[in-house]
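User: Hi! I am new to protein structures and would like to learn how to read one. Could you walk me through it?

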Amino acid sequence: MKITIEHLTKDFGSMIAVNDFNAVIESGELIALLGPSGCGKSTMLNMISGILPSTTGKIYFDEDDVTEVTPEKRGVGLVFQNYALYPHMTVLENIAFPLEIKKVKKAEREAKAKEMAKLVHVDMLLDRKPKQLSGGQQQRVAIARALIKNPRVLLLDEPLSNLDARLRIEMREEIRRIQQETQVTTIFVTHDQEEAMSISDHIVLMKDGFLQQVARPQELYDEPANCFVADFLGNPPINKTFGVVSNGKIVLDGGCEVELEAAKNLPEGKKVTLSMRAEAIVVDEDLVNAEGTVVETYVMGKEVLAYVELGDYKVRAYIPAEKSFGKGQKVTVGLKKRGVFVFDAETGERLA
Amino acid sequence: MSKALKEITLGRVFIYLFLIAGAVIMIFPFYWMITGAFKSYVEIGQYPPLWWPTTFNFDNFVIAFEMAPFLTYFRNSVVAMVGSVSLCAFTTILASFAFSKLNFPGKHVIFGLLLGLMMIPFEMIIITNFRTIIDIKIYNTIFALIIPFTSSIFYTYILKGFFDSIPDSLYQAARVDGCSNWKYLWRVMVPIARPSLVTIILLNAIASWNSFMWPMLAVVERDLRTLPFGLYAFVSEGGAETQLMMAASTIIVVPMIILFLFARKQIVNGVARGGLKG
């Protein structure tokens, strides 16, 4: 089912959690709602589920306007961060509970619940209570319970944040598998970029209630719409430097001149942010864009992480392990096309 | 190592001695009551006190039963207790749910006011309550022992505290699935809160079972009297027949002890659960 969100706003009075949000989510996709804590992504999810009424704006499920529709009539399946399993019920009863509310006959709902349990691989735990399950198992039960009603959309609020690191990777792949098998349109909230990148079809990136960019994961990484998107994605964090356009070059604070093809089209005197991914920087090779000084190197095994001073800034770059640079050594710095962005220093808009 | 072990055991010895002393203090009155129920008139008045009756005779029980209509009193006590406790549990559950999970204007003010009412001792409202039961024409009926006790701010406060500890996501999960408040309350909240509920029901049952002043005022007919009044009858009617009073007391206490033994596991669960929350 396609979800269309138009001018959606949530004003809590003290703060605007979601601000004039527009997005279209295609049917059958797995969407990550990504952003730092407090950016409004959970608010967004709660508005889609209907738990939270919106202040203004519209939400459409396919062609139906569901903005004023109560949660139970929207046909959404919701998985909570803490799973929200009923502690006094067994796994089977938990999964079957949504059907129990709908007054489905016991035999029928238990059969359906068993089918769901099989889908999420908890069919050997049906008689256990939630307390006797591991975090990952509880998560699976919560997903099964959300799916049993054949929801039009499955919503997961930080589904992996309560799990330990290893289980997290396993569960995210499970979420992907279950989503692929059921083909249900799925939206999950996360603040972990790696989680979002690895399993989603599209990422919706938010900040301070504003939509930043909707894109496929690789596209988001390679073509960020603005400075925040470039900052938010990538590990180690992108190198961020400030400078001014002068004679078709970017002069960074501290006087380092960076020759950049893209800078030639920018107006003279424009204040810009030059952001460079560590893997986009080469040191002492044929490609030359600027000159800098090596200030620190850290051996990482297969490569060396070098801090190179460009003007007032120290940028991270990976250099091959066989090369070695001493502290204070002057080097040439080359910038690859991919992974180097110029943003307007004031608005953060992408310039090149 | 062995020294540390020794210290621990010494500390434990003191802890156990302390606990044993506490237990003796708690149990002694019961011991005195039960043994007293089997003593003769002479034995119970003896000095120095006789720790163990020379012969166990059940005569005291038989006489006690003859002197006061205990079966009638027992029936009245049970009816009053079951009536007031079950109605009180019902209103307490509803009120706790409303104050804990529902949002309505003035919620905190109303709850604050209700809590404030707890500061007024029961003795102070006896006269107004008495007037009320006369006005609504239930004076000297069994309803006079039930109706005034169908709600409790104190138990509402306790249960609301427990309801507050149940995460809201459970409520939201149920709402998204189309669960009504009513169904959510009885199918999810109440089963989860069962240990707390059993505790307040038991406390309420004991209070109802032992209540003396109100039943004495609210009903005058002998057929409507409750068990504690039966004891009172011994003082005035039976003179200083202490051994009969002990027998009667034993009869009165036994049902509560049985009730407690049944509910004990639930209460311990409730306490342990509170400690392990998280």
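This is a predicted model: local features need pLDDT of at least 70, side-chain atom pairs count only at pLDDT 80 or more; totals for chains, interfaces and linings use all residues.

User: Let's begin with sheets. In what order do the six strands of the open sheet in chain A run, and what is the pairing?

Analyst: Here is the general idea: strands of a sheet pair through backbone hydrogen bonds, either parallel or antiparallel. In chain A, six strands form an open sheet in the order 6-7-8-3-9-10, and their pairing is mixed. Strand 6 and strand 10 (210-215) of chain A stand at the edges with a single partner strand each, so one side of each has no neighbour in the sheet. On average, neighbouring strands of this sheet are turned by 20° against each other, direction ignored.

User: How do strand 6 and strand 7 of chain A pair, and over how many bridges?

Analyst: Strand 6 of chain A pairs with strand 7 (residues 153-157) of chain A in the parallel sense, over four bridges. To find the place on screen, look for A:G77, which stands opposite A:L154 in strand 7 of chain A. Helix 5 of chain A packs on the sheet there, touching strand 6 and strand 7 of chain A. The direction of helix 5 makes about 165° with that of strand 6 of chain A.

User: What is the strand order in the five-stranded open sheet of chain A?

Analyst: The order is 15-19-16-17-18 in chain A, and the pairing is antiparallel. Its edge strands are strand 15 (281-283) and strand 18 (313-320) of chain A, each of which pairs on one side only. Neighbouring strands of this sheet are turned by 45° against each other on average, direction ignored. Inside it, strand 16 (residues 290-299) and strand 17 (residues 303-310) of chain A pair in the antiparallel sense over six bridges. A:Y298 stands opposite A:L305 in strand 17 of chain A.

User: Now a helix. Why is helix 3 of chain A called largely enclosed by the rest of the structure?

Analyst: The way to read this is to ask which of its residues are buried. Nine of the eleven residues of helix 3 of chain A are buried, so the helix is largely enclosed by the rest of the structure. Among them are A:V91, A:I95 and A:F97. The buried residues pack against helix 4 (106-119) and helix 5 (135-147) of chain A. After helix 3 of chain A comes A:K103, whose phi is positive, near 60°.

User: Is A:Y83 buried or exposed?

Analyst: For a single residue, count the neighbours around it; 20 or more other C-beta atoms within 10 Å make it buried. A:Y83 has 24 C-beta neighbours inside 10 Å, so it counts as buried. You will find A:Y83 in the loop between strand 6 (76-79) and helix 3 (91-101) of chain A. Not counting residues up to four places away in sequence, A:Y83 touches A:Q138, A:Q139 and A:A142.

User: How many residues does each chain bring to the contact?

Analyst: Chain A brings 16 residues and chain B brings 14 residues. On the side of chain A, helix 2 (71-74), strand 6 and helix 3 are the elements that give two or more residues. Helix 3 of chain A gives the most, with three residues. By class, this side has eleven nonpolar, three polar and two charged residues.

User: Last one: into which domains is chain B divided?

Analyst: Chain B is divided into domain 1 (2-45) and domain 2 (67-228 + 254-276). Taken over C-alpha atoms, the centres of these two domains of chain B are separated by 33 Å.

Methods
Residues are numbered from 1 along each chain as its sequence is written. Chains are lettered from A and ligands numbered from 1 in the order in which they are written. Two strands pair if DSSP finds at least two bridges between them. Axes are lines fitted to C-alpha atoms, for helices over the stretch in contact, and angles run from 0 to 180 degrees between N-to-C directions. A residue is buried if 20 or more other C-beta atoms lie within 10 Å of its own, exposed if 12 or fewer, and partly exposed in between; C-beta atoms are placed from the backbone. Two residues are in contact if their C-beta atoms, placed from the backbone, lie within 7 Å. Domain bounds come from an automatic or database domain assignment. Ala, Val, Leu, Ile, Met, Phe, Trp, Tyr, Cys and Pro count as nonpolar, Asp, Glu, Lys and Arg as charged, and the others, Gly among them, as polar.
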